[in-house]
Amino acid sequence: MELETTFTGFANREEGGRCLAKALSHYRDEENTIVVGLPRGGVVTASAVADELHLPLEVMVVRKLGTPDSEELAMGAIGSGGIRVLNEDVVSFLGITPATIAAVTRREQVELDRREKLYRAQRPHLDLYRKTVIVVDDGLATGSSMAAAIAVIQSHHPSRIVLAVPVAPVEICERFRLAVDELVYLETPDPFQAVSYWYVDFSQVSDEEVVHALEYADARAGVLV
């Protein structure tokens, strides 16, 4: 996909999702297909995708493992079911010890469990078996959280995995090309800098907003049924 040199960013996550839905229009009203968002911000983007495509929305809880000196720099990520993915390049370059990785993992597991309980408390068991799963985030930086999410999704034995993001570095996208059945991205600006740089409004998303997006999608699905 060619880089749009005039690209200056999306207005917000919702716009990113609506634009992404256009690139995913071949899945509109598709049976046995589900949109899965990564919290928190990715759920807002995924909600817009699901709304435009008339598809159900689910949440996949993952947690980034930040390095000791910079929580924003991911050395890996964890997901539901004991899934852990490490960025071996970062771990090796910074000389991060197994003990440090274990300590960060324990801390982030507490937050993952809290979010699982909050977001999924009233929801049925996540069923992705033999489904087409469109996994969405508001963007990719290192890709660690998305790698953990894909590992969790694969453990459910879906029929097809589609990775969809509005913006990401091209080299990170290429890392996922063989890990999924379809890769959809809209913009790969260079230099990339950060996901937040490519949104006019990249305000922090609250737990309440995530829950509201899921409840709205459930209500919409009920109307469609």
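## Two cis peptide bonds

Arg40 sits in the loop that runs between strand S1 (33-37) and helix H2 (41-53). This is a predicted model. In it, the peptide bond joining Pro39 and Arg40 is cis. Its omega is about 0 degrees.

A cis bond also links Asp190 to Pro191. Here omega is near 5 degrees. Pro191 belongs to the loop between strand S8 (182-187) and helix H7 (207-224).

## Positive phi angles

Look again at the loop between S8 and H7, where Gln193 lies. Gln193 is not a glycine, yet its phi is positive, near 70 degrees. Is Gln193 buried or exposed? The cut-off for exposed is over 50% relative accessible area. Gln193 has 56%, so it counts as exposed.

Arg130 is another residue to check. Its phi is positive, about 60 degrees, although Arg130 is not a glycine. Arg130 is found in the loop between helix H4 (98-120) and strand S6 (132-136). The relative accessibility of Arg130 is 54%, so this residue is exposed too.

## Leu73 in strand S4

Leu73 is part of strand S4, which covers residues 70-79. Leu73 has 34% relative accessibility, so it is partly exposed.

Which residues does Leu73 touch, once neighbours within four places in sequence are set aside? Its contacts are Leu65, Gly66, Thr67, Val90 and Leu94. Now compare positions with Val35. Leu73 and Val35 are 38 residues apart along the chain. Their C-alpha atoms are separated by 27 Å.

## The nonpolar cores

The largest nonpolar core holds 43 residues. Which residues have the most contacts inside this core? They are Leu20, Leu24, Val35, Met75, Ile134 and Val167. Helix H2 gives the most to this core, with 6 residues.

Met75 deserves a separate look. Leave out residues up to four places away in sequence.

Technical notes
Residues numbered from 1 in each chain as written. Predicted model: local features only at pLDDT ≥ 70, side-chain atom pairs only at ≥ 80, totals over all residues. Heavy atoms only, no water. Helix = DSSP H or I, 4+ residues; strand = E, 2+ residues; numbered from the N terminus. Buried < 20%, exposed > 50% of the residue type's maximum accessible area, 1.4 Å probe, protein only. Contact = heavy atoms within 4.5 Å. Core = buried A, V, L, I, M, F, W, Y, C linked by side-chain atoms within 4.5 Å.
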